[in-house]
Amino acid sequence: FLVLDGLAPPATLLYNNFPNPFPTPTRDATCIWFDLALPSRATLEILDLRGGVVRRLLPSPDFPGMLPAGRYGRGAPGGGLCDPRFTWDGRSDDGRLLPAGVYLYKLKAGDVIQFKRIVYLGRTQ
């Protein structure tokens, strides 16, 4: 995670994923960025359109419990745009490829709940 100049982000915010739609010829996964204004117990989930959880990104072994205020999902300086821990490759929690379609991702942090839409073009392997 990243805190700039020692200051927490001004608001808890879920950004649009990119690329969207995905996959693209140059990217197999989509990046998810979010900011937490306050330390929060956070969940980040990929949902089907019926609201069923197909993939849980938070909590995870890397980020259990409370998260400090900060910016999440960005890559390390010089290491690319995305933190691989906050990318989605079209797979479910059990590793199987999901069908092409529209999915949602949901951030819940404290009293804040935000949703965004992902267009997944599907994969054959």
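Is Trp 88 buried or exposed, and at what relative accessibility? At 0% relative accessibility, Trp 88 counts as buried, where buried means under 20% relative accessible area, exposed over 50% and partly exposed in between, with a 1.4 Å probe and protein chains only.

The model is predicted, so that local features need pLDDT of at least 70 and side-chain atom pairs count only at pLDDT 80 or more, whereas totals for chains, interfaces and linings use all residues. Residues are numbered from 1 along each chain as its sequence is written, and side-chain values use heavy atoms, with hydrogens and water left out.

**View 1. Aromatic rings around Trp 88.** Ring pairs link Phe 22, Trp 88, Tyr 103 and Tyr 120 into a cluster; rings of Phe, Tyr and Trp (its six-membered ring) pair if their centres lie within 6.5 Å, and planes under 30 degrees apart count as stacked, over 60 as edge-to-face and the rest as tilted. The count by this rule comes to 12 aromatic pairs. The ring centres of Trp 88 and Tyr 103 are 5.2 Å apart with the planes at 65°, so this pair is edge-to-face. Trp 88 lies in strand β8 and Tyr 103 in strand β9 (residues 101-109), so the pair ties together parts that are 15 residues apart in sequence; strands are DSSP runs (E, at least two residues), numbered from the N terminus. Tyr 103 is buried at 6% relative accessibility. The rings of Trp 88 and Tyr 120 have centres 5.5 Å apart and planes at 50°, so that pair is tilted.

**View 2. The disulfide between Cys 31 and Cys 82.** A disulfide, defined as a pair of cysteine sulfur atoms within 2.5 Å, joins Cys 31 to Cys 82 with an S to S distance of 1.5 Å. The pair links distant parts of the chain, with Cys 31 in strand β2 and Cys 82 in the loop between β7 (70-72) and β8 (87-88), 51 residues apart. The torsion about the S-S bond is about 80°, so the disulfide is right-handed. Cys 31 is buried, with a relative accessible area of 1%, and Cys 82 counts as buried at 14%.

View 3. The hairpin has 5 residues between its strands, and Gly 51 in the turn has a positive phi of about 90°. Leu 44 stands opposite Leu 58 in β5, and a cis peptide bond with omega about -5° joins Leu 58 and Pro 59.

Definitions and conventions
Pairing = 2+ DSSP bridges. Helix = DSSP H or I, 4+ residues; strand = E, 2+ residues; numbered from the N terminus.
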